[in-house]
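This report describes the fold of a single chain and then turns to selected residues within it. Please keep the sequence and the model in view while reading.

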Amino acid sequence: MRNFERMSIKKTIREMFPKIVDIRNRIYNDLAHRRFRNLPLKEVFGRIYTENHWQSRKSISGTGSDLEQTREVRTILEQIVAEFNITSILDIPCGDFNWIRLVNFPIGLQYFGADIVDDLVEANIKKYEMPGRVFQWADITSSRLPNVDLVFCRDCLVHLSYEAIGQAIANLKGSGSKYLLTTTFPNYTNRDIVSGNWRPINLEAKPFTFPQPIHIFNEKCTEDERYADKSLALWRIQEL
């Protein structure tokens, strides 16, 4: 095959990829709406886990949790911990601990990993738990959460309905924790979903209207060029 023919095929594939992703997302969103709309969160995310809904070969938590997509995130997290003298962190949902195990946390930092999927928590306890690093089952919308310096909540609220997000924020406030570092897409307009679905959320826009964050960091996401604004933003929880 001639070089220009190869280049043409590659160009066509690049141009088609966003359309293929759109079709896949529409199919998934329709299925999620039908399957998850009347289920409790524990069952929703339990099914997503057991069926590997996000179809990543590298992490059961999805392609956004592989090592390539979290390279910048690891740097951001290390920077926040150092700048704000973080001594305790709640990582919720912690997923399969695939990438955060590579973060260089300072000696003595207390790490709490929490997830709503029982099997994930049990696996993490067996593989990764040690002094200063513990895992527990928790529902971010209703469980009693530890009081920590930093709640790290990446790629979570994007899967929750408006109602569930409101419950989660109220629950975080009730924990007495200090800071929240979480996912936001500054260029997007919000829409509601059934929990278990997915869409970008802009936490500074309606209906959330969070104040201007203390810091906002672009993740340098390369999964899809439409989500190049995917960011982690830091807020004081009691100001939300």
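## Basis and overall fold

Helices (H or I, at least four residues) and strands (E, at least two) are taken here as DSSP runs, numbered from the N terminus. On that basis there are 5 helices and 7 strands in the chain, and from the N terminus on the elements follow the order α-α-α-β-β-α-β-β-α-β-β-β. The model is a predicted one, in which local features need pLDDT of at least 70 and side-chain atom pairs count only at pLDDT 80 or more, while totals for chains, interfaces and linings use all residues. Residues are numbered from 1 along each chain as its sequence is written, and side-chain values use heavy atoms, with hydrogens and water left out.

Of the 240 residues in the chain, 49% are buried, where buried means under 20% relative accessible area, exposed means over 50%, and partly exposed lies in between (1.4 Å probe, protein chains only). With contact defined as heavy atoms within 4.5 Å, residues 24 or more positions apart account for 64% of the contacts in the chain that have a separation of 6 or more.

## The sheet

The 7 strands form an open sheet in the order S3-S2-S1-S4-S5-S7-S6, with mixed pairing; two strands are said to pair if DSSP finds at least two bridges between them. The edge strands are S3 (133-137) and S6 (215-218), each of which pairs on one side only. Neighbouring strands of this sheet are turned by 20° against each other on average, direction ignored; axes are lines fitted to C-alpha atoms, for helices over the stretch in contact, and angles run from 0 to 180 degrees between N-to-C directions.

S1 and S2 run parallel and are joined by 4 bridges, with aspartate 91 standing opposite glycine 113 in S2. S2 also pairs with S3 in the parallel sense, over 5 bridges, and here glycine 113 stands opposite phenylalanine 135 in S3. S6 and S7 (residues 231-236), by contrast, pair in the antiparallel sense over 4 bridges, and phenylalanine 217 is found opposite leucine 232 in S7. Helix H3 (residues 71-83) lies across S1 (88-91), S4 (150-153), S5 (179-184), S6 and S7, and runs at about 160° to S6.

## Aspartate 115 in strand S2

Because 5 of the 6 residues of S2 are buried, this strand is largely enclosed by the rest of the structure. Aspartate 115 belongs to S2 (residues 110-115), and it is buried yet has no salt bridge, the nearest side chain of opposite charge, that of lysine 42, being 11 Å away.

The side chain of aspartate 115 instead reaches the backbone nitrogen of glycine 95 at 2.9 Å. Leaving aside neighbours within four places in sequence, the contacts of aspartate 115 include Pro93, Cys94, Gly95 and Trp137.

A search of the whole structure finds 7 salt bridges. One of them links arginine 154 and glutamate 219 (3.0 Å, N to O); arginine 154 lies in the loop between S4 and H5 and glutamate 219 in the loop between S6 and S7, so the pair ties together parts that are 65 residues apart in sequence. Both arginine 154 and glutamate 219 are buried. Lysine 230 forms a salt bridge with aspartate 155, the closest N and O atoms being 3.0 Å apart, and this pair ties together parts that are 75 residues apart in sequence, because lysine 230 lies in the loop between S6 and S7 and aspartate 155 in the loop between S4 and H5. Lysine 230, at 5% relative accessibility, counts as buried. Salt bridges that share partners join Arg154, Asp155, Glu219 and Lys230 into one network.

Aspartate 155 also has a positive phi of about 55° although it is not a glycine. Lysine 220, in the loop between S6 and S7, likewise has a positive phi, near 60°, and counts as exposed at 57% relative accessibility.

How values were computed:
Lys and Arg count as positive and Asp and Glu as negative; His and the chain ends are not counted. A salt bridge is a side-chain nitrogen of Lys or Arg within 4 Å of a carboxyl oxygen of Asp or Glu. A polar contact is a pair of N or O atoms within 3.5 Å; within protein, one must be able to donate a hydrogen and the other to accept it, and residues adjacent in sequence count only if both atoms are side-chain atoms.
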